[in-house]
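User: Could you walk me through reading the sheet, the core and the ligand shell of a structure?

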Amino acid sequence: MTTEKISWSPSTQLAPVPAVLLGCGKSKGYDANLITVAWCGIINSEPPMLSVSIRKERYSHTIISDTGEFSCNVPLAEHAREVDYCGVVSGRKINKFKTCNFTALEGEKIKAPTIAECPLTLECKVAKIIELGTHDLFLADIVNVRVSKDFIDGNGHFNFDKKGLLAYCHGAYYNLGEKIGTFGFSVKK
Ligand SMILES: Cc1cc2nc3c(=O)[nH]c(=O)nc-3n(C[C@H](O)[C@H](O)[C@H](O)COP(=O)(O)O)c2cc1C
């Protein structure tokens, strides 16, 4: 790779980012809904917190602001089509759980639905909403974590080796590749 670079104007070019499915609704009269979100990240360890950036015009923005809850479901690469669908169709008229053939399970600590078919779910309660410009930033406490038994290895660790996770890079979906190291391997003797 050449080390020569060109400058682009400021934009949101960070990659890779996750593409997660937020489950919302099922309280205050809202049916279960799903929204795909790529602007999602972990922002604090104690208490464990997560952020998501959502445009005001999304139906899910209304639901999450009103109910104060959502689930953050990490999909497998094999769910790329469903992830894309939930990111281009609004739940105002369509039941995305039904169309995607996802099973909605009520969270343990939240009323918002979670997706049975996703191996990892973080149950979240909104702590703060910050208006940024195009998007509102939701800061949320992670109040529970649900992990599929199939993805826990003999040492009790989360293991994604057998099925690929999804990454999103500049408008394209990728299946995460092989594991190339583990935390701290660069300094391990
Ligand atoms: C890969 C992908 C990532 C997306 N990321 C975001 C995001 O971070 N924030 C957001 O507001 N919308 C995002 N969207 C768009 C929403 O998912 C989309 O507008 C969705 O249809 C809203 O559904 P709703 O009206 O049922 O809430 C993304 C869409 C795709 C396909």
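Analyst: Happy to; here is a short tour, topic by topic. This is a predicted model, where local features need pLDDT of at least 70, side-chain atom pairs count only at pLDDT 80 or more, and totals for chains, interfaces and linings use all residues. Residues are numbered from 1 along each chain as its sequence is written.

User: In what order do the 7 strands lie in the open sheet?

Analyst: Strands (E, at least two residues) and helices (H or I, at least four) are DSSP runs numbered from the N terminus, and two strands pair if DSSP finds at least two bridges between them. Here the order is E3-E2-E6-E9-E10-E5-E4, with antiparallel pairing. Strand E3 (33–37) and strand E4 (40–44) are the edges, each pairing on one side only. E2 (residues 20–24) joins E3 over 5 bridges; one of the partner pairs is Leu21 with Thr36 of E3.

User: Which residues have the most contacts inside the largest nonpolar core?

Analyst: In soluble globular proteins, nonpolar side chains tend to be buried together. A nonpolar core joins buried Ala, Val, Leu, Ile, Met, Phe, Trp, Tyr and Cys residues through C-beta atoms within 7 Å; buried means 20 or more other C-beta atoms within 10 Å of a residue's own, with C-beta atoms placed from the backbone. This core has 35 residues, and Val20, Leu21, Leu22, Val37 and Cys72 lead in contacts. E2 gives the most, 4 residues.

User: How many residues surround the ligand?

Analyst: A residue counts as near if its backbone-placed C-beta atom lies within 6 Å. There are 21, the closest being Tyr59, Ser60, Gly87, Ser90 and Gly91. E3 supplies the largest share, 4 residues.

Methods. Buried ≥ 20, exposed ≤ 12 C-beta atoms within 10 Å, placed from the backbone.
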